[in-house]
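Subject: Structure for you to look at

Hello,

Here is the structure I promised you. Please open it and keep it beside this email while you read.

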Amino acid sequence: TERNKALSFSLSLSDSEKAILQAIQAMQEELTAINHNLENVSSDEAALDAKIERRKKEYEQQQKRLAKLQSFRPQCMDEYEKCEMKLKQLYDIYVLKFRNLTFLQKLQNEFDHAEQQRYKDAEQNMRNMVERMRAQELLLREAQMAGLDEEANAMKPKVKGSKIFGNMIGAGISDDDDDEEEIDDDDDYDDQENDISYGDEDVDNDDDNIPYRNK
């Protein structure tokens with residue numbers, strides 16, 4: 001243990017005496033410092049008391065001065081109070097106008113948004129109307145074209161059981177048709193001659209029926 005180790009350690013008398021003398025000297029110095037501090041305590045206490053008293057006097061003087069300042073009314077105090085009251089009124093007016101302005105800006109934004117939305121809706125409706133008109137016009141045009149095609153088909157001649165022979169010169173007329181047309185022309189010419197002869201006979205008969213008159 002530590003005790004046994006210390007006992008087993010050999011120490012000379014001169015070293016022990018020297019260490020003891022050093023410890024005694026240190027204790028004496030510490031005692032001297034403590035006594036000196038104790039002697040200074042009374043003087044420090046008196047200094048602190050004087051300082052506290054001085055602070056109290058200064059505090060009392062400041063209190064009296066504050067009371068005088070509070071009781072004293074400067075000449076510009078009336079004008080200051082008037083300006084303060086006017087400033088308060090102006091601030092109230094400013095707050096009211098600011099609130100009104102904020103509310104009006106909100107209404108303006110809502111109105112602009114509604115107007116923009118209405119413009120978009122109107123534009124979309126106009127586009128839809130134009131598309132419908134185009135679709136109706138296209139349907140009407142198709143119906144007219146279909147009607148014209150039907151009329152054209154109805155106006156075309158319908159020939160059944162006949163053969164058409166033609167070329168660029170004959171314009172689609174066959175030789176048999178030419179012969180038939182010549183025969184028809186001859187018959188018409190004979191009929192005209194017969195009509196003329198009959199007409200002469202009628203004229204002669206009329207002359208016979210006219211009574212004779214002496215000149």
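**What I found**

E137 is partly exposed, with a relative accessible area of 46%. Partly exposed sits between two cut-offs: buried is under 20% relative accessible area and exposed is over 50%, with a 1.4 Å probe and protein chains only. The areas come from the Shrake-Rupley method with a 1.4 Å probe, and for residues only the protein chains shown count as cover.

Before you go on, some ground rules. This is a predicted model, where local features need pLDDT of at least 70, side-chain atom pairs count only at pLDDT 80 or more, and totals for chains, interfaces and linings use all residues. Residues are numbered from 1 along each chain as its sequence is written, and side-chain values use heavy atoms, with hydrogens and water left out.

**Salt bridges**

E137 has a partner. Its side chain meets that of R141 in a salt bridge, 3.2 Å from N to O. A salt bridge here is a side-chain nitrogen of Lys or Arg within 4 Å of a carboxyl oxygen of Asp or Glu. R141 is partly exposed, at 48% relative accessible area. Both R141 and E137 lie in helix α3, 4 residues apart, which is about one turn of the helix.

How many salt bridges does the structure hold? It holds 5. Two others deserve a look.

- E123 and R127: their closest N and O atoms are 2.9 Å apart. Both residues lie in helix α3, 4 residues apart, about one turn of the helix. E123 is partly exposed at 32% relative accessibility. R127 is partly exposed at 48%.
- R118 and E115: these side chains meet at 2.5 Å, N to O. Both lie in helix α3, 3 residues apart, again about one turn of the helix. R118 counts as exposed, at 52% relative accessibility. E115 is partly exposed, at 32%.

**The overall fold**

Now step back. The protein has 4 helices and 0 strands. From the N terminus on, its elements run α-α-α-α. Helices (H or I, at least four residues) and strands (E, at least two) are DSSP runs, numbered from the N terminus.

What share of the 215 residues is buried? Buried residues make up 0%. The protein exposes about 21600 Å². Carbon and sulfur atoms supply 56% of that area.

**Aromatic rings**

Go back to helix α3, which covers residues 77-155. The structure holds 2 aromatic pairs. In one of them, the rings of Y91 and Y94 have centres 6.5 Å apart and planes at 35 degrees, so the pair is tilted. Here is the rule: rings of Phe, Tyr and Trp (its six-membered ring) pair if their centres lie within 6.5 Å; planes under 30 degrees apart count as stacked, over 60 as edge-to-face and the rest as tilted.

Y91 and Y94 are 3 residues apart in helix α3, about one turn of the helix. Buried or exposed: which are Y91 and Y94? Both are exposed. For Y94, the relative accessible area is 53%. Together with F98, Y91 and Y94 form one aromatic cluster.

**Surface patches**

Y91, Y94 and F98 turn up again, this time with V95. These residues make a nonpolar surface patch of about 450 Å². Patches are made of residues with over 30% relative accessible area and no salt bridge: like charges are joined within 9 Å, nonpolar side chains (Val, Leu, Ile, Met, Phe, Trp, Tyr) within 5 Å.

There is a negative surface patch too. Which residues form it? They are E45, D49, E53 and E60. Asp and Glu count as negative and Lys and Arg as positive, while His and the chain ends are not counted. The place of a charge is NZ of Lys, CZ of Arg, CG of Asp or CD of Glu. E60 lies in helix α2, residues 13-71. E60 counts as partly exposed, at 47% relative accessibility.

Best wishes
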